[in-house]
Amino acid sequence: MGKIALAGGALVLWQLAACPAAAQTYLCTNSLLTGFVWNKPAKKWLAREMKGGVQLVLKKNVEKAGPPGTGWIVTRPGKLGVLYACPDALAYGDSLICNSSEGDFRINLKTLRFMESNYSTWIDDGTTDFTPTLALGQCARL
């Protein structure tokens with residue numbers, strides 16, 4: 001793990017240590033990221049594996065951010081804004097299913113495994129660098 005990743009992780013831990021809801025906060029890191037990229041000359045989608053290590057923070061929504069009924073939120077460390085809004089109720093036993101206009105984030109709070117999908121770019125015309133992705137990873141309680 002690089003110095004920047006360690007420093008970023010330390011900053012996240014420091015920021016969350018002061019938060020009273022830290023007992024209901026998770027740091028999630030993807031270990032596998034795959035996606036699809038549009039190949040213009042071939043006029044088809046190609047599978048592509050990408051670099052993992054992207055971090056997300058899942059936390060109880062004590063700030064009441066997001067739409068009504070949002071019990072949990074997913075954010076990027078050090079960035080403003082809610083990526084995914086999650087209902088307070090668990091779906092399918094121990095799992096949360098969180099949504100946005102661009103994709104979804106699913107986590108099993110018992111196993112702490114998660115999956116994040118970004119599918120909004122599936123309908124893209126291929127003129128941008130965006131690519132539909134699927135990330136798998138593990139979360140740790142803070």
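In which strand does L134 lie? L134 belongs to strand β9, which covers residues 133-141, where strands (E, at least two residues) and helices (H or I, at least four) are DSSP runs numbered from the N terminus. The structure is a predicted model, in which local features need pLDDT of at least 70 and side-chain atom pairs count only at pLDDT 80 or more, while totals for chains, interfaces and linings use all residues. Residues are numbered from 1 along each chain as its sequence is written, and side-chain values use heavy atoms, with hydrogens and water left out.

**Surface patch**

- L134 is partly exposed at 30% relative accessibility, on a scale where buried means under 20% relative accessible area, exposed over 50% and partly exposed in between (1.4 Å probe, protein chains only).
- Together with L32, M115 and L136, L134 forms a nonpolar surface patch with about 270 Å² of accessible area.
- Patches are made of residues with over 30% relative accessible area and no salt bridge, with like charges joined within 9 Å and nonpolar side chains (Val, Leu, Ile, Met, Phe, Trp, Tyr) within 5 Å; the accessible areas come from the Shrake-Rupley method with a 1.4 Å probe, and for residues only the protein chains shown count as cover.

**Nonpolar core**

- The largest nonpolar core has 15 residues, of which C28, L58, V74, F105 and I107 touch the most other members; such a core is a set of buried Ala, Val, Leu, Ile, Met, Phe, Trp, Tyr and Cys residues joined through side-chain atoms within 4.5 Å.
- At least two residues of this core come from each of β1 (25-39), β3, β4, β5, β6 and β7 (103-108).
- Beyond its neighbours within four places in sequence, F105 is in contact (heavy atoms within 4.5 Å) with residues including C28, L56, L58, V74, Y84 and L96.
- In strand β6 lies S95, which is buried with a relative accessible area of 17% and touches L90, I107 and N108 when residues up to four places away in sequence are not counted.

**Salt bridges**

- The whole structure holds 4 salt bridges, each defined as a side-chain nitrogen of Lys or Arg within 4 Å of a carboxyl oxygen of Asp or Glu.
- One of them joins the side chains of K60 and D88 at 2.3 Å, N to O; because K60 lies in strand β3 (residues 55-60) and D88 in the loop between β5 (84-87) and β6 (95-99), the pair ties together parts that are 28 residues apart in sequence.
- The side chains of R76 and E116 meet in a salt bridge of 3.9 Å, N to O, and this pair links distant parts of the chain, with R76 in the loop between β4 (70-75) and β5 and E116 in strand β8 (residues 113-118), 40 residues apart.
- Within that pair, R76 is partly exposed with a relative accessible area of 28%, whereas E116 is buried at 10%.
- R106 forms a salt bridge with D104, with 3.6 Å between the closest N and O atoms; R106 counts as partly exposed at 35% relative accessibility, while D104 counts as buried at 8%.

**Backbone angles**

- Most residues other than glycine have a negative phi.
- K64, which is not a glycine, has a positive phi of about 60°; K64 is found in the loop between β3 and β4 and is exposed, with a relative accessible area of 65%.
- L112, also not a glycine, has a positive phi of about 60°; L112 is placed in the loop between β7 and β8 and counts as buried at 17% relative accessibility.
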